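Keep the structure open beside you as we go.

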Amino acid sequence: MTKRHGYALLAAIVAVIVVISAAIYIGVAADHGSGQSNLAGGRTPRGSAAPASTGLWVGTWSASPARAEPGTETNGMAGRSVRNIVHTSAGGTSARITLSNLFGQQPLTITHATIAVADTANSAAAKADTMTRLTFGGNTSVTIPSGQQVMSDAVPVTIPHDSDVLVTTFSPTPSGPVTYHPHARQTSYLAEGDLADDVSGTAYTEETPYWRYVTAVDVLSDESEGTVVAFGDSLTDGDDSTVGANHRWPDRLSDRLRDAAGTDGVPLYSVVNEGIGGNQILASGTGRPSDNPSALSRFGRDALGHANVKAVVIDLGINDILRNPNQVDPATITDGLRTLVQQAHAHGVRVVGATLMPFKGHGGYSAQREEVRQAVNAEIRAGKVFDAVVDFDKAVRDPYDPRELRGDYDSGDHLHPSDKGYQRMAEVLDLRSLTGAVSAAL
């Protein structure tokens, strides 16, 4: 072969690669930047079609996969229907869900999965005309390999905003450890047998405080412009807020955005919650895979992996102080936060960061840890970490002793806010700070 023919062949190969790459890019972009494939192996779903409705895919609810559920190591949820109750922040005309087997040690087979609108708040009963079977690549069952997740096909179902939705799964075979979110602050339900499409809810007699398997619900919405991710620890997860009342600060933020959208430059964004109790920026828990994965390890999946994410609000750092007695250098915390911001900026996502709230009176309090908190907050307030700042510390601290929570904002443990404290956190976030260009450098 002559050099000229060799160059021609090389050019042809490059051209084919470019065409294939462009097709892949277009296929990913068509999923509205969800960052998730429809099947665990990333294959194109069989028999699925785009919904007839128009709109934008946004996240309406989420919960981070936090750890493996104790006591499920052998049988998982075999032979039981798991009816998760989740609360929406945006409405839509079609929906899809994400199921996770992140902490499973063997494949998880789901043979029946449904979505429906709850008949009343906190109820296992469904509105009959909304009960819809979910498919995965055109199939009514799916097997999720250990350590992976799967997104369902989109199904036409009207999902109202600010409503409870039932996501039900049935697995007939033992699957090992259940991937779950333990601090749901929401009552869900269990039933014996395959009752995934049961409308009455009467067989769901066992209450549970956990969310199992389901980690996200997206809707095709014509009333939302994008997704905001609240990313943090138990303060974002809503520990000590009233069960079933949706009084976490991300819930309250969602209400504020809806009420103010379209006025004074406020966007209409949905809000999803990616808080995990005890979460740290730098360190993960024990186990393989590690329970309570660090913020650095989960940020790509739990924050940037959402559909049409426009902004992330980060409230992290307290556990890095509380759980590491030898942590005396606040720079390790702020450097970790900057790493998260850099990852977000690489995806064109804006980041609003929170100051660390006071915890005097809590068992982990010490003067040294308070110095670290104050140093971290000084760096955040100086604009050296995030694109914009929400000063949660200033909003909830006691004016007579800024090292502790104000009494009516304290749930009683001197660390987690009361419902009123969570409301105050949402109130002080400047809604306009969720839009705008990302900083060139920090």
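**A walk through the model**

Start with the parallel sheet: five strands make up an open sheet, and their order is β18-β17-β19-β20-β21. At its edges you'll find β18 (270–275) and β21 (388–390), each of which pairs on one side only. Neighbouring strands here are turned by 25 degrees against each other on average, direction ignored. Bear in mind that this is a predicted model.

β19 and strand β20 (residues 350–354) run parallel and are joined by four bridges. If you want a landmark there, A311 stands opposite R350 in β20. Now look at what is laid over the strands: α3 lies across β17 (227–232), β18 and β19, and it runs at about 170 degrees to β18.

From here, hop over to helix α9 (residues 419–427). Which residues of α9 are buried? They are D419, G421, Y422, M425 and A426. Looking down the axis of α9, you'd see these buried residues fall within an arc of 165 degrees, so they line one face of the helix.

Next up, the rings. A pair of aromatic rings is described by the distance of the centres and the angle of the planes. The count of aromatic pairs comes to five. One of them is Y180 with Y210: the ring centres are 4.9 Å apart and the planes are at 85 degrees, so this pair is edge-to-face. Y180 sits in strand β12 (residues 179–181), while Y210 is in the loop between β14 (206–208) and β15 (211–212), so the pair ties together parts that are 30 residues apart in sequence. Y180 counts as buried at 7% relative accessibility, whereas Y210, at 26%, counts as partly exposed.

F359 and Y365 make another such pair, with centres 5.6 Å apart and planes at 70 degrees, so it is edge-to-face too. F359 is buried, at 0% relative accessibility, and Y365 is partly exposed, with a relative accessible area of 22%.

The charged end of R96 sits over the ring of W57, 4.1 Å from its centre. Likewise, the charged end of R406 sits over the ring of Y409, 4.1 Å from the ring centre.

Last stop, the backbone. Most residues other than glycine have a negative phi. Y213 has a positive phi of about 70 degrees although it is not a glycine. You'll find Y213 in the loop between β15 and β16 (214–221), and Y213 is buried, with a relative accessible area of 2%. N246 also has a positive phi, near 55 degrees. N246 lies in the loop between α2 and α3, and at 13% relative accessibility N246 counts as buried.

Terms used: Residues numbered from 1 in each chain as written. Predicted model: local features only at pLDDT ≥ 70, side-chain atom pairs only at ≥ 80, totals over all residues. Heavy atoms only, no water. Buried < 20%, exposed > 50% of the residue type's maximum accessible area, 1.4 Å probe, protein only. Helix = DSSP H or I, 4+ residues; strand = E, 2+ residues; numbered from the N terminus. Arc of directions from axis to C-beta. Pairing = 2+ DSSP bridges. Axes fitted to C-alpha atoms, helices over the stretch in contact; angles between N-to-C directions. Contact = heavy atoms within 4.5 Å. Phe/Tyr/Trp six-rings, centres within 6.5 Å; stacked < 30°, edge-to-face > 60°. Lys NZ or Arg CZ within 6 Å of the ring centre and 35° of its normal.
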